[in-house]
Amino acid sequence: MPRNGCAVFVERAVSEEIIDIEIDPGKKTWRELWQVPTLALAVVLLLAGLVGVVVTRPKPDINSMIRVAENRLERDDHEGSLEILNGKVRQHVDAPYFTKDQLQQFHLLRARAVAKGQRELGVQEAANYNSVLNEYRSAEKAGAKLEGEDQLLRLESLIATEQYESAIERLEELDPEMSQDRIAFRKAIIEEALGAHVPRIELAESQLLALTQDPMLGVDDRCWSAARRAEIQLDQGFIDEAVTGILREMPRVSAAKPSARGELFTLLGRGYMESGAVTEARKQLERATELIDSDDDLFARTLVQLGRSLEQTGQMQLAFEQFELVTQDYAGSESYLPALLSRGDVLSAIAESDPAQYSKEEAVGAYVRFVDEATGRASEPLLQEAITSLLQRSEEQFVKDDLVASSQYAQLAEDIHGITETPAKVLLMQARVNFAMAEEMLENAVTGEEHVIDLADADPVTRAQTQRHYVRAADYYRRYADRIAGGDDDAAYADSLWRAADAFDRGGDAGEAIAGFSEFSMTITDDPRVPEAKFRLARAYQASGDYALAAQQFEGLLTDSHDEQLGKNVGPYAVLSHVPLAQVYLADLDDSNDARAEELLNIVIRGELGDVDSDAFAMALASIGQVHYLKGEYPRAIESLTEAVSRNPGTRDIHRLQFLLADSRRLEAEKITETLSQGSTAPSVARELVVKQAEHLQIAADLFAQVRDGLEEVDPRRRTALEAMYLRNSYFYVGDCAFDLGEYESAIRSYSIAKDRYANDAASLIAMVQIFNSYFELGDLERARTASERARRFYETLPKEAWEDRSLPMTQADWERWLDSSYELASMRTDDFDG
């Protein structure tokens with residue numbers, strides 16, 4: 001980058017060409033300008049007279065120019081040197097009077113100016129290093145022999161551009177008196193090899209061997225070599241070899257500087273730590289802290305190792321103090337991020353054992369800080385270590401049923417690389433946690449004194465949160481399955497597919513559930529859950545209204561159950577398929593398969609499939625009862641629904657069954673009224689029918705009251721549209737039953753309650769009309785007139801579309817009764833007036 005507005009002039013030689021480029025000192029930087037493109041030079045003589053001018057021009061003093069450039073370079077004026085070389089000397093390079101010595105000097109000076117100028121500015125651009133190498137090649141081609149400083153500058157550029165083989169060859173060419181430079185550059189190659197994104201261990205080991213065989217190697221450098229060898233061995237898991245090697249080397253380097261010996265003690269401590277000898281490790285690390293200067297980054301690395309040894313011996317507070325010191329005082333060191341991670345590990349342990357000292361939130365916060373600062377900066381091994389640590393924390397909290405904390409740790413592990421790049425084990429943990437959170441939310445949701453047993457029973461907020469966790473779990477399971485597909489663990493793949501489909505199904509995402517169960521049943525052939533997958537696929541189709549596809553799957557299970565090869569594990573699901581298959585046929589608006597539906601239900605009810613106490617039997621009773629109800633076969637409906645109600649106490653479906661049973665009795669009473677009105681019934685039979693009619697109405701009234709009271713206890717936000725209709729109609733039907741029983745005062749009370757409950761509903765007119773009819777039947781004509789007038793006024797306020805609701809509990813007979821009573825009431829008023 002520019003300093004103090006200095007201009008930089010750079011050029012690069014490629015093959016036979018020499019390239020110049022001028023720089024605007026106010027706009028460009030070293031980083032921008034030293035990446036020099038290759039430009040072709042051409043000389044065009046535009047006028048013949050120009051040749052004469054050139055020939056007669058005096059020769060320039062090239063040597064003086066070069067000396068000026070060299071002097072500026074010696075004063076570290078690299079920009080000025082390049083200005084002379086590029087601006088004045090360069091234009092004469094191709095002239096016949098430009099000597100070989102001058103050409104050598106020109107290239108050597110440009111190489112030195114670029115190399116030293118970049119070094120001074122702290123710039124490390126590959127293009128600049130390549131420019132240096134090109135200039136030295138051109139100098140050698142011109143006959144120059146590189147010596148001393150030029151050899152070192154070239155070595156620096158070779159190593160920077162990762163041309164290690166060439167650098168090693170050039171090392172061997174250094175003069176004997178440059179042994180310390182040779183050692184320094186060999187160490188640089190080793191450090192670069194070990195620090196590469198993918199460490200080049202073989203290169204590092206070969207150069208370590210050459211280094212240790214160098215007769216001029218001093219005791220400090222021998223100590224450094226031993227440290228690098230031990231580091232390689234420890235990284236590769238050769239713990240015993242590393243420890244033994246350090247112990248053997250210690251006596252030979254006793255005269256080394258304290259900091260050099262301190263690094264060996266640090267590595268020895270690490271070796272003991274990794275071998276499980278924690279007490280011995282701590283002893284060696286404490287010795288290291290006594291030898292290493294506290295300003296050295298190695299001191300921070302030693303503190304981290306010491307903190308980990310204290311952590312392993314359970315001395316969490318002391319360990320925390322070591323990590324805290326590194327994070328506060330060594331933020332610029334390589335040990336800063338490892339200390340941040342270890343700080344989180346220790347805080348989480350303290351939070352578990354002594355929450356009064358540090359909270360779980362503080363522990364999570366420590367990891368959050370690490371993830372925020374490490375992302376994009378930390379080495380991949382450290383990030384993997386962090387992921388492992390976070391997953392351990394997540395598993396610990398998962399086992400303790402603290403799913404919120406478990407979820408936080410799992411999410412942090414995912415955040416390190418993002419969902420698309422995170423390891424498969426993170427996806428699996430996320431899936432497990434989210435599924436458990438959904439189950440816990442459902443379990444903790446309550447309705448009155450009872451726990452909900454179905455997602456539909458939960459309040460809207462709980463239902464939405466639960467569905468979100470189920471769907472998140474499903475998505476993670478599916479991602480995990482995709483990640484491990486094609487691997488060796490077929491069981492894990494199949495299990496993940498299954499769990500993904502299952503979670504989508506539980507979360508109410510029928511489309512994804514269908515896709516999941518379809519994939520499972522088609523791709524996994526030898527899993528005992530395949531029949532269940534087909535059954536749940538059919539149920540998902542049924543829930544989506546795809547009745548044809550649902551029927552196909554259910555019928556397939558019934559067919560497979562009779563096949564010796566395909567029928568394995570199918571039996572239970574073939575049994576369970578009878579009732580939903582019947583429900584599908586009854587719901588598909590195709591009358592041609594209704595007989596098949598009844599046949600399926602009767603198979604269950606006759607006990608042909610086993611235990612009459614099974615859930616399938618209870619479901620069949622309810623379904624066949626509904627079939628009879630819809631067909632107007634009320635006695636048969638009453639029989640089936642009565643038993644269905646007795647088998648489903650306390651279930652969510654009880655309100656529906658009670659309503660259908662009550663309405664079956666109410667409608668059967670109406671049929672009896674029609675029979676009696678025909679006048680062809682024998683007196684004895686008529687008396688029996690009247691008693692039976694009263695029984696039906698009384699039982700119906702009691703059932704409607706139970707439905708009304710039961711659904712009123714359900715949170716309105718949880719009621720389905722069908723339940724809301726059952727609730728409303730039950731209010732009015734209680735009054736209807738009392739009216740038909742001739743209990744008009746009771747009917748008036750029930751209708752009044754219904755009217756007030758649904759004051760703004762069109763159904764209120766029904767109550768008003770029936771109140772009028774009840775007063776009329778009681779002979780209270782004044783109140784009847786008042787009630788009729790109220791009903792008329794309310795009727796006039798209702799829009800026509802209000803009567804398009806076919807579920808309203810007001811039939812044609814109710815309208816006719818209002819008309820007849822109103823006409824008769826009006827006639828009575830006329831008679832009274834005439835009298």
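**Reading contacts, burial and helix packing**

Q: Which residues does N130 touch, not counting residues up to four places away in sequence?
A: N130 touches T161 and Q163, once residues up to four places away in sequence are set aside. Keep in mind that this is a predicted model.

Q: Where is N130 found?
A: N130 is in helix α6, which covers residues 126–141. N130 and A111 are 19 residues apart in sequence, and their C-alpha atoms are 9.9 Å apart in space.

Q: Is N130 buried, partly exposed or exposed, and why?
A: Compare its relative accessible area with the cut-offs. Buried means under 20%, and exposed means over 50%. N130 has 31%, so it is partly exposed.

Q: How do I read S407 in the same way, buried or exposed?
A: Use the cut-off again. S407 has 16% relative accessibility, which is under 20%, so it counts as buried. Its place is helix α20, residues 403–417. Leaving out residues up to four places away in sequence, S407 touches Q430, V433 and M437.

Q: Where is V253 found?
A: V253 sits in the loop between α12 (239–249) and α13 (258–275). V253 counts as buried because its relative accessibility is 0%, under the 20% limit.

Q: What does V253 touch, not counting residues up to four places away in sequence?
A: V253 touches V219, R222, C223, R261 and L264. Take V219. V253 and V219 are 34 residues apart along the chain, yet their C-alpha atoms are separated by 5.8 Å.

Q: How do the axes of α14 and α15 cross?
A: Read the distance and the angle together. The axes of α14 (residues 278–291) and α15 (residues 297–312) come within 9 Å and cross at roughly 155 degrees. An angle over 145 degrees counts as roughly antiparallel, so α14 is roughly antiparallel to α15. The crossing is left-handed.

Q: Which residues of α14 meet α15?
A: On the α14 side they are V278, R282, L285, E286, A288 and T289. Their partners in α15 include F299, L303, L306 and L310.

Q: At what angle do α18 and α19 pack?
A: Helix α18 (residues 360–374) and helix α19 (residues 380–399) pack at about 155 degrees, with axes 12 Å apart. Over 145 degrees again, so α18 and α19 are roughly antiparallel to each other. α18 passes α19 in a left-handed crossing. K360, Y367, F370, V371 and A374 in α18 meet residues of α19, among them L382, L383, A386 and L390.

Q: Which members of the largest nonpolar core touch the most other members?
A: That core has 106 residues. Those touching the most other members are F517, F520, F554, L581, L601, F704 and F732. Leaving aside neighbours within four places in sequence, L581 is in contact with A551, F554, E555, L558, R596 and L600. Another core, of 72 residues, lies apart from the largest one and includes L340, V371, A410 and M437. V371 also takes part in the α18 and α19 packing. M437 is also one of the residues that S407 touches.

Q: How many helices and strands does the protein have?
A: The secondary structure comes to 37 helices and 4 strands. The protein has 835 residues, and 48% of them count as buried. Its accessible surface is about 41,900 Å², with 49% belonging to carbon and sulfur atoms. Among contacts between residues at least 6 apart in sequence, 60% join residues at least 24 apart.

Key
Residues numbered from 1 in each chain as written. Predicted model: local features only at pLDDT ≥ 70, side-chain atom pairs only at ≥ 80, totals over all residues. Heavy atoms only, no water. Core = buried A, V, L, I, M, F, W, Y, C linked by side-chain atoms within 4.5 Å. Buried < 20%, exposed > 50% of the residue type's maximum accessible area, 1.4 Å probe, protein only. Contact = heavy atoms within 4.5 Å. Helix = DSSP H or I, 4+ residues; strand = E, 2+ residues; numbered from the N terminus. Areas by Shrake-Rupley, 256 points an atom, 1.4 Å probe, with all protein chains shown as cover. Axes fitted to C-alpha atoms, helices over the stretch in contact; angles between N-to-C directions. Parallel < 35°, antiparallel > 145°, perpendicular 65-115°, else oblique. Left-handed = near helix turned anticlockwise from the far one by under 90°.
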